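Visitor: I would like to go through some of the labels used for this model. Please set each one against its definition.

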Amino acid sequence: MTLQQEIQRRRTFAIISHPDAGKTTLTEKLLLFGGAIHVAGAVKSNKIKKTATSDWMEIERQRGISVATSVMGFEYGNYKINILDTPGHQDFAEDTYRTLTAVDSVIVVVDIAKGVEAQTRKLMEVCRMRHTPVMIFVNKLDREGKDPFEILDELEEELQVAVRPLSWPIDMGERFKGVYNLYQNSLDLYQPSKQIVTESVHLNIQSPEVERHIGAKLSEKLRSDVELISEVYPGFNREEYLAGKLAPVFFGSALNNFGVKELLDCFVAIAPSPRAVQTEERVVDPYEESFSGFVFKIHANMDPNHRSCIAFVKVCSGRFERNVNYKHVRYSRLMKFSSPTAFMAQKKEILDEAFAGDIVGLPDNGNFKIGDTLTAGEDLHFKGLPSFSPEMFKYIENADPMKSKQLQKGVEQLMDEGVAQLFTNQFNGRKIIGTVGQLQFEVIQYRLLHEYGAQCRWEPINLYKACWIESDDAAQLEDFKKRKYQYMAKDKEGRDVFLAESNYLLMMAQQDFKNIAFHFNSEF
Ligand code: G4P
């Protein structure tokens, strides 16, 4: 196969949802279709959400499992599919944001009864920011839920994207009969007892055959629904989908493996192959011969006795090869890798080559940070690995004066790994850790102790948001920094951050300093 063909056939995506909507179940069924696993129940990815938040041994154990399920690659027909897993627990949402920078598209899973939930809304914001193409799977049709038209309205409103149903449910709950596949014009009949096999009948919606399968009443309802759909929703336009403006919607039941194959078949046909990526220097085309890629995730210290990590690299262009020298751009140094890993289904295996779209795991002992670039020699810096304003803040203090060096090193490494964000107050020099959720503070404390032998203590700080500030008006910027010096901090990269104590104070600052832009993420 040529380089072009290899890259063209790759589909790299993430499944996102609110916990319990069915992400794990859907992932598992997709793997079954790919022949990557053979029994249901084999995927128990990131089930941290279901364990008590203070159960550290459990989290440690699961961190091990989640390496294996971080990326699930498999072959399906002529396609090479890479599913990137995202943590289920919302306290690790920052991890998910970063994973979204490494995918070419996304499948959103929504529970028919619960509709769009908080976490989905937030993750979708990141997709919109990046114009990531999104497909939606409305799950659990075997249960009672909201009216499908109501769900479509909700999706459009809450996710701020135009939708277009490509399948349409015929009743739901115990009366669920199946879906009419508007993409392939077929009637897919639901047979709860027969897993995997779906009876799919190709027929025109007007054909009397429809009555034979689902009865007169439901046929009439289906026809009028389909007519309404064609009036209300624009025809499916792939360009709009690829631009992230239009989301096709499928209905089904992941648990019963219903509607999953249809979703997958449509997905491989319309979802994008690896896309061009913007760097600070230029746009990188995936089909370029020379390799380039960036680190989007670091999975560290699996074994506390050996400070070993795996750096996950998204290949952005060309071909990556084992034992070939590549440039670590931040160090301006050549490195080669003798045991890079690929993630095929549940197994980690040494790979000889990988192509744009693939994820490569590089064993590492502290050389990589999130956002680092590897290339065949060119100096490139990939853009778009945003930090978002954390939701919670605490001062971090050293609780063991004999171990201040260990603490400093531990904090630095955990931040490089992207566990949380560090801000240094310019006024008093105190260090502030910002997280998305409480659990992250506990993880940091635990890991500092177990991996670095350092002890920390948290002290409260009253903060609402951290805002990255910028302005063309140098005088006003200086004036602002002077007047707000107690609230000014630097982030890890040395950028200016304003620590707002409340929404009110932030609004006042925005009003008083009109020439200053306040950003809630670091990428502007
Ligand atoms: P998540 O990864 O998004 O958190 O969701 P997950 O797949 O774990 O699914 C959450 C629960 O919803 C699971 O039940 C799962 O079996 C159920 N589920 C998934 N898809 C469907 C569906 O199509 N119909 C119905 N009725 N249920 C579905 P659980 O009891 O919480 O977990 P488990 O013990 O079965 O794993």
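Guide: This is a predicted model, in which local features need pLDDT of at least 70 and side-chain atom pairs count only at pLDDT 80 or more, while totals for chains, interfaces and linings use all residues. Residues are numbered from 1 along each chain as its sequence is written.

Visitor: What makes β10 a partner of β9?

Guide: Again the count is four bridges, to β10 (residues 199–202), in antiparallel pairing. Asp-188 stands opposite Ser-200 in β10. Helices (H or I, at least four residues) and strands (E, at least two) are DSSP runs, numbered from the N terminus.

Visitor: Why are β7 and β10 said to stand at the edges?

Guide: The open sheet has four strands in the order β7-β8-β9-β10, with antiparallel pairing. β7 (167–170) and β10 each have a single partner strand, so one side of each has no neighbour in the sheet. From one strand to the next, the twist averages 20°.

Visitor: Which helix packs on the sheet?

Guide: Helix α7 (residues 209–232) does, touching β7, β8, β9 and β10. A contact requires C-beta atoms, placed from the backbone, within 7 Å. The direction of α7 makes about 130° with that of β7.

Visitor: Why are α10 and α11 called oblique?

Guide: α10 (residues 404–416) and α11 (residues 438–452) pack at about 120°, with axes 10 Å apart. Axes are lines fitted to C-alpha atoms, for helices over the stretch in contact, and angles run from 0 to 180 degrees between N-to-C directions. Under 35 degrees counts as roughly parallel, over 145 as roughly antiparallel, 65 to 115 as roughly perpendicular and the rest as oblique. The angle of about 120° falls in the rest, so the helices are oblique to each other.

Visitor: Which residues meet there?

Guide: Gln-406, Leu-407, Lys-409, Gly-410 and Leu-414 in α10 meet Ile-444, Arg-447, Leu-448, Glu-451 and Tyr-452 in α11.

Notes. Pairing = 2+ DSSP bridges. Contact = placed C-beta atoms within 7 Å.
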